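Q: Can you walk me through this one? Keep it short, please.

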Amino acid sequence: MDQQKLAKEILKLVGGEDNIQDYTHCMTRLRFNLRDNGAADRIKLKELPGVMDVNINGGQFQVIIGNDVSKVYGELSKIAKNNAGSAKENAEQQGNNKGQKLGIKASVGKFFADILPGIFNPIVPAIAGAGMIKALLAVIVMFNATAANTDLYKILNIISDAVFYFLPMLLAFSSAKKFNVNPYLAVVIGGVLLHPNFAKFMADGITSMNFLGLPVKLVSYSSSVIPIIATVWIMSYVERFVRKIVPNVLKTILEPMLILLIVAPIALIVIGPLGIYAGNAIADGYMYFYEHFGVIAGTLLGATFSLMVITGLHYGLIPLVFQAIAQNGFDYIMPIMTVANIAQAGAVFAVFLRTKNGSMKSLSGASTISALMGISEPAIYGVNLKLKKPFIAGLIGSAAGAFILSIFQVAAYALGKVGLPSLPLYIGHKFSLMILAVCVSFVVAAVVAYVLGFKDVTEAPAEENSTDLPEPSESEPVSAKKLQNEEIYAPIAGEVKSLSEVSDPAFSQETMGKGIAILPSEGRVVSPIHGVVSVAFKKKHAVLLTSDDGAEVLIHVGIDTVKLGGKHFTLHVNQGDRVNVGDLILEFDRESIIQEGFDIITPVIISNTSDYAGITAVSQTTVKEKDTLLKLNV
């Protein structure tokens, strides 16, 4: 399925535009904040080609796409009028933005699954790019390509350092987008915290200043995380308050002035210093815990990191990584994240070696490369988690690699993606141990997955394509028969629906022919014609009948019910059997099929539509068995 079509299907299955509050994406997932998660069809979303899985975490509805998520997001943005970015910007321009509240009652799950990813994901490319330039510098120096005192090195170092020095301004912009406040005012607040005059005052030995009798403690905010995020959160409340009290005629001038005059001093006097202390305390506590209990903590993190990826809770580690590198110049978590991805790559590589299924071999091969490059979701959702044992093998391999990293306290010295391309970030006196841990995690996961084995995916029968419909018959062509005007009777009692209301486009777009659909009120299908059974599907969910007057009638009970494998269906006819109007053809357990999560709407299709001049459906809203349903005119 191409990205444009996939985006349209996703939009429909999450409940349409009216059900979307806002949405964004990370490296592998579309992240929706829906008005009603129950209005989204999780089962059908999972079945879409191109969708690996669906997850709800912290109230956020996540559709896991994999490497093509940015392309799907781009197509979604073209067709969804209320996309997150434009909706928020329009609201800001109109002055009616209420903002996203993150009050005391906000759940921890929402904070980790929605707030943090929404703030950090947009700046990850900038961080990763700068981190890789730092890695390039390390390689250049290691191979004596240039000295650290050359102009080339100094300029490249400035380029790589800029994103970290001005990190509060980047976080100000992304936080403003998340909390729905004016992003440009937020960046100004970030600029206040980083103003060079404060750095000059500190260099001159000034440690505090005075603002209207209130003390302003001078601290360095470069590379800090907590102060600006907390400040923008407070700003969201101040902005709403100011908008209420400022007259519309003065909004353009007075509103931004009041926001800056209120928020900037609060940031400098209260939030900023407290945020720095809190960040330092977190970093110091993290370092103390790791240095004293690192082997246990590191191995446990390695064994559970891929589980955290499934829920999205791994984003909660990002502030720790940022804070550790900002304060200490190195971090212990990123190496463990890296071996976790490499381990999943090893496990999916074992699937690639063992599977006999052509599609699975292709998918596992591509997923191996993706995980090695730092994106593990295709391997996790597309292969390992579905096969179960390979996923467990990946956890074991990750724990083995993390054990080595924790014993020798291997660290990363810059931020970047967690995969093979980021290995230069670990260049130092323990670089060889990082390479060892990567190799161990891959090999252990691959060997364990290969030895444990898995239930291989069988090739789908030709019948079980997306709509599980029959190939054209090779018997006597319909055109050779003498067609007659005739009536097709209702095979099922229930509510009459238009084909456009069927979720499968093969039916709704009349690809398989014209007809009508019935939402069954009973679990019986009777013959709508006098004729023969042309095809009786092995999965018992559908039949194709040919009438004595030449009409080919397909009755398909439910959508995607071929996946039930005949469960809940009882077929009473065989291919070639003679049937008359009202003869019982099959029975199905209506309630059980619904409980399994399948739509039971039943299309009744004239598959040789082109042979008729006109096909007219009945006008009534409900039918009983043997009521007139369709009229065919030659």
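Q: Anything to know before we start?
A: This is a predicted model, where local features need pLDDT of at least 70, side-chain atom pairs count only at pLDDT 80 or more, and totals for chains, interfaces and linings use all residues. Residues are numbered from 1 along each chain as its sequence is written, and side-chain values use heavy atoms, with hydrogens and water left out.

Q: Where is T355?
A: T355 lies in the loop between α14 (333-354) and α15 (358-372). Helices here are DSSP runs of H or I with at least four residues, and strands are E runs of at least two, numbered from the N terminus.

Q: Is T355 buried or exposed?
A: Buried, because its relative accessibility is 1%. The cut-off for buried is under 20% relative accessible area, with exposed over 50% and partly exposed in between (1.4 Å probe, protein chains only).

Q: What does T355 touch beyond its neighbours within four places in sequence?
A: M360, K361, F454 and D456. Contact means heavy atoms within 4.5 Å.

Q: Switching to helices. At what angle do α14 and α18 pack?
A: About 35°, with axes 7 Å apart; α18 covers residues 431-452. Axes are lines fitted to C-alpha atoms, for helices over the stretch in contact, and angles run from 0 to 180 degrees between N-to-C directions.

Q: Which residues make that contact?
A: Among them are I342 and F349 of α14, and F442 and Y450 of α18.

Q: And the sheet, what's the strand order?
A: The order is β15-β11-β12-β13-β17-β9-β8-β19, an open sheet of 8 strands with antiparallel pairing. Two strands pair if DSSP finds at least two bridges between them. The edge strands are β15 (578-579) and β19 (622-623).
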